[in-house]
Amino acid sequence: MAAPRETPPGPAAGRASVLRSRVGRRILVMFLLAAGLPVALAAFIGYQTLVSFLGEQAQRSLTRTTRDGGMQVLGRLLEAKSLLETWPPLVPAGAGADPAHPMLAGLSRVFRGARWVDDQGQVRWQVGEIASTAVPLSPPRPGDAAARLLLVPVAGAPAPRVMLRLAQPQGYWLADVHPAHLWGPLAETAAQAHWEVREPGGPVLDGLRRVAQPHPHEAVGRWTLFLGGEFGATDWEFEQHLPPVELEFAGLPLLRWAVQLGAVVLLIVVLLSLTQIRRTLVPLEALLDGTRRLARRERAEPVQVRSSDEFGELARSFNEMAGRIDAQFQSLEALGLIDRAIVSGHPLPEVLDQLLRQALLRTGAVAAVVVRLTGAGGPSSRSAGRPVLLQWRLRQAVDGDGGRAESVLGETERPRFEALEATMDWPPAGSVAMAWQTLLPDTGATHWWACPARWQASCQAVLLLGFMKPPGRRRRHEACDLRDRLAVALAAHEREQVLHWRAVHDDLTGLANRHGLNEQLDRCLEASTASALAVLFIDLDHFKDVNDSLGHEMGDRLLQQAAERLQAVVPREAVVARAGGDEFVIVLPQVDEGRAAALARQLCERLAVPFVCGGHEHVLGASIGVALAPQHGVDRATLLRHADMAMYQAKQGGRGRHALFAATMDEALSERSRLLADLRRAVVSDELVLHYQPRVDARDGCMRSAEALVRWQHPELGLLSPARFIALAEESDLIEAIGIWVMREACAQMARWQRQGLVLERVSVNVSPRQLVSGRLVGEVDRALADHGVAPDRLELEVTESLLVGDAKQACEQLEAVRRRGVLIALDDFGTGYSSLSTLRQLPVDVMKVDRAFVKDLGQDDSALAVTRTILTLARSLGKHTVAEGMETAEQADLLRELGCDEMQGFFFSRPLTPAQFEALPQFAGAALASIG
Ligand SMILES: Nc1nc2c(ncn2[C@@H]2O[C@H](COP(=O)(O)OP(=O)(O)OP(=O)(O)O)[C@@H](O)[C@H]2O)c(=O)[nH]1
């Protein structure tokens, strides 16, 4: 293929390009070969035939002239013979003496010499010279021919002498034939040819001058002269050699003629072929150029081929195809622009406007309208569920602004739109004008075509196109393409909206999530620079218990109910969000402190109303912290943090209430966070220590066991009691790690004492309900006992009644498992809880500890004595071992002993002691402790 050229070829360029085109050259060469070869072949064959014919002719003529030459030589011989015959047999008198005798003159012209020899062999007469030495002078023998030619070689001569012997009645003639006379006829033509005369196989006879260098291709004419009859001699062979020049010259005109003819033929062929090639190539070039332009996606100019043959037909088809492809390119380009706008997330109105413009341009419509049927404006929109006349554009203002009314159509329009398949003349002619048409300016359309844009089987929208006359198939096809884009654009927009909605909303409650809260709070803060704004941080009280006791599903339902209650209470303009877990945040724009506090109170009351879930009532309540902008903060983070602090304060203050943020809270909370961080470090860096408080047998005052109590040796604050950090640990989940550490350390200490020979029956440690919730208690107990080689019955675990609030079943199962190993379980703070007797009865406990609240009033308050008695009686009736704690006086000890308590513990006997102090107790050896208080 020819290399692509940039300039489009005109007719002149088309002509010039005939020889530049490879195809053109190839065809031309083919034509030339097709015509030239036969001409050349014919010329060659003709020439050869002619040359051969002329050669034959020449040969024939040569043979003829050779024969003529031979015949002339024969004539000379005959002349010589007749001359001798006419000579008288006797030498005429005086003849020999007179050299001017006319006979002698004739004789000397023919012979070089002649001699008459008589019968006796006497030379009677001689004229001229005869080479007598070389001549056999023998007389003719009888029977010899009268005339005889003799060839007499002469030393040094180029040819033998030709002698003629003629017998006469009294003698004979011997004459030496003059070579000039004999070979004269041949010598006349010696300028063009040369002759050779010889006897067969003999030497050359003629003695004529020879061409020095014979021509290699000379022509030769041969003829044999019979001499046997007349002269009794051997035949002479005549050869005439002629150079070939004459023959070639004879063929030249023909050659010239043939060349000229061939040239004329070739010229005609070239002209004809060029004409034909041009007729083929010019349309081909035009088509090729058209194809290239099409490939370059340049605007398709029709290919100009003015002929009615196949090329004309091809050009017409090509133009048609190019037109279609061009239209498709443009369509694809337009669709590509729309696609790009969709993919790059351009705003929906922009995408729709682009689409409507293209609809007008590509379909020839005078009006293009989008009616949206689904998702129009989101669930809260006034148009929800009703068709919306979303956007339109008219041909008469294609470059101006389009219309974007978002006009909501009547509910009755929906079924009409939904029932649509792509239809022409919709609504049918003559029907009442549709409501949507009245919302548009005058479009001038006489026919409407509706294309329903479906997405996942639901009709999202309808693209309505108004025409002046019914559109053709191609235009309808274009409309369908645009309709598909419309479906995609709307679906993408909707998906975007859903994704955004999901990103800023909480799935469970439908409220704003933390991201949504951040967005909206920022927006409110921007809008309320001048006015006040309140942030309410709400945390449900003891919500975890609901989860633990009823499961997460119930917890979820309860969160939903709480969210509904919040929304029902707050004003319309408030933002309600779920910040996470059981935490909600309400942003109240334009409220003062009093209004915010009143609303917080109202919310507390509302949330304190029991929730009904799963057929049961649940009392929850909430703690609310209130922070106000601008006095408590002007940015989102500060306001939320301060509201959270206030909420914490409300929790600390007893829950079910609200608290307004105060600057001091910040201080307290900062300290709390510092302490929490220190505690986290303390657990891993051995800052915790155990002190042991002896427990004394009420009967004999001997120390039987001890309670391990944790202390924190803070590097800066000194030794801290559990009251300073256990609550913090409980809130932060550090309690489990602390509980495990306490149990392991107590076992380790027991093992050390054991190795020292110090005997203690049991050590008791406190177990947090959270240790039971985690489900790891049994494993940790096993590991602690095994690691330190302590018998299970030397360990006692103290639990509180609060374990029954959560998943009591799981807690009891774990305690039962521990108990089966021989470890004792003590119920701490017995009497302060609310457990029913039947529940208590089922608890897997061995020991019941009477709370110090009852013990401390013994001897001062009769009711305390009554309660303590009841508790001890109850415990005994259940078969439990009893321990009373908080013993501070001897009176209390006496009373408890009287009431039948098994063991006692308190300052009266001993404060909690370090291991070293504990080891130093003399009672460790079994003495009564009563005396050491
Ligand atoms: N059902 C349910 N529970 C959740 C969800 N998100 C968090 N929680 C639980 O909600 C509880 C919130 O814990 P806290 O607020 O610390 O516990 P609380 O019992 O309310 O304690 P106070 O706030 O001190 O009264 C945790 O147990 C979480 O596991 C949720 O989406 N659904």
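Modeller: Ground rule before we start: two strands pair if DSSP finds at least two bridges between them. Strands are DSSP runs of E, at least two residues long, while helices are runs of H or I with at least four, and both are numbered from the N terminus. This is a predicted model, in which local features need pLDDT of at least 70, side-chain atom pairs count only at pLDDT 80 or more, and totals for chains, interfaces and linings use all residues. Residues are numbered from 1 along each chain as its sequence is written.

Biologist: Fine. What makes strand β3 (residues 147-152) a partner of β4?

Modeller: Six bridges join β3 to β4, and the cut-off is at least two, so they pair. The two strands run antiparallel, and V152 has R161 in β4 as its bridge partner.

Biologist: And how do you know that β4 and β5 (residues 171-177) pair?

Modeller: Six bridges again, in the antiparallel sense. L166 stands opposite W173 in β5, and with two residues between them, β4 and β5 form a hairpin.

Biologist: Why is β4 (residues 161-168) called mostly covered?

Modeller: Six of its eight residues are buried. Buried takes 20 or more other C-beta atoms within 10 Å of a residue's own, exposed is 12 or fewer, and partly exposed is in between, with C-beta atoms placed from the backbone.

Biologist: Then why is R657 called partly exposed?

Modeller: Because R657 has 18 C-beta neighbours inside 10 Å, which falls between the two limits. R657 is in the loop between α17 (636-652) and β20 (658-660).

Biologist: What is R657 in contact with, leaving aside neighbours within four places in sequence?

Modeller: C604, S623 and A650; contact means C-beta atoms, placed from the backbone, within 7 Å. C604 is 53 residues away along the chain, yet the C-alpha atoms are separated by 6.2 Å.

Biologist: What makes a set of residues a nonpolar core?

Modeller: The members are buried Ala, Val, Leu, Ile, Met, Phe, Trp, Tyr and Cys residues, joined through C-beta atoms within 7 Å. The largest core has 70 residues, and A746, L797 and M904 touch the most other members. Helix α20 (residues 734-756) gives this core its largest share, eight residues. A second, separate core of 54 residues includes F543 and L640.

Biologist: How do you know what L797 touches?

Modeller: By that contact cut-off, not counting residues up to four places away, L797 touches V765, V767, V818, V823, I825 and A826.

Notes:
Two residues are in contact if their C-beta atoms, placed from the backbone, lie within 7 Å.
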